[in-house]
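Take a look at the sequence and the coordinates, then read on.

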Amino acid sequence: MARANVKDLLEAGVHFGHMTRKWNPNMAPYIFMEKNGIHIIDLHKTAVKLDEACEALEKIVGSGRKVLFVATKKQAKEIVAKHAQELNMPYITERWPGGMLTNFVTIRKAVKKMNAIDKMKKDGTFETLSKKERLQVDRQRANLEKNLGSIADMVRLPAALFVVDIMAEHIAVTEAKKLGIPVFAIVDTNSDPRKVDFVIPGNDDASKSVDMILSVVSDAVKEGQTQRKAEKEKSKEEGQAVTADADEDFDTEA
């Protein structure tokens, strides 16, 4: 079933690409025309690619795995944070921590440090520190929260990345590709789509465009989550039925 509506994409300005002089020739298959020195993206192709991406994301989430959302540019960070929070998915909207994926063990240690500080405040250890030490710890906690708070619950590598602007997030894309983690991305006319596994041709600069695409993607993720929940409940019921049958057999034998 189609998810993306060309009319909605058009109204959100998803079709506006970059100035023609800034284009990447590898985006040629997704460009409809040139108008007033700007490339216009073929929204029919965007709709098809968006549907393909959503289908794949639904399967990933339906299997119980996480998708890491990445967008540090001003126009997109708040939108991505909003959608990721609603989906209970990890996200990065501040500076990308170098080695976030390729050196995940170190990142997890930093998250544990943040949790350890929280524990200190709960058990009273924090109050035994000097005023200067408490100030230093608070600053460290605030810095960790700003950069890593949104991935605190991500205990293992994500199954996929969803990126807004692969040029701005080139380090994240490189790390993901190095580890074989599939990358889903909104790709504008100035970027190289060959670096992405699931290309969604579209305007990655306008907030309305990003929000429109993220809304469609969010619906797919929610469907995957619903399927996952239904499967878990079904397995639980089947397990209870098996236990009940076993108990009945035991009573009969007795």
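This is a predicted model: local features need pLDDT of at least 70, side-chain atom pairs count only at pLDDT 80 or more; totals for chains, interfaces and linings use all residues.

## A residue in a strand

Glu34 sits in strand S2 (residues 31–35); strands are DSSP runs of E, at least two residues, and helices are runs of H or I, at least four, numbered from the N terminus. Beyond its neighbours within four places in sequence, Glu34 touches Thr20 and His39, contact being heavy atoms within 4.5 Å.

Residues are numbered from 1 along each chain as its sequence is written, and side-chain values use heavy atoms, leaving out hydrogens and water.

## Two domains

The chain splits into domain 1 (6–98 + 157–238) and domain 2 (102–155), with bounds from an automatic or database domain assignment. Their centres, taken over C-alpha atoms, are 31 Å apart. Across the boundary, 12 residues of domain 1 contact 9 residues of domain 2.

## A helix pair

The axes of H4 (residues 104–123) and H5 (residues 131–148) come within 10 Å and cross at roughly 135°; axes are lines fitted to C-alpha atoms over the stretch in contact, and angles run from 0 to 180 degrees between N-to-C directions. H4 is therefore oblique to H5, a class left once angles under 35 degrees (roughly parallel), over 145 (roughly antiparallel) and 65 to 115 (roughly perpendicular) are set aside.
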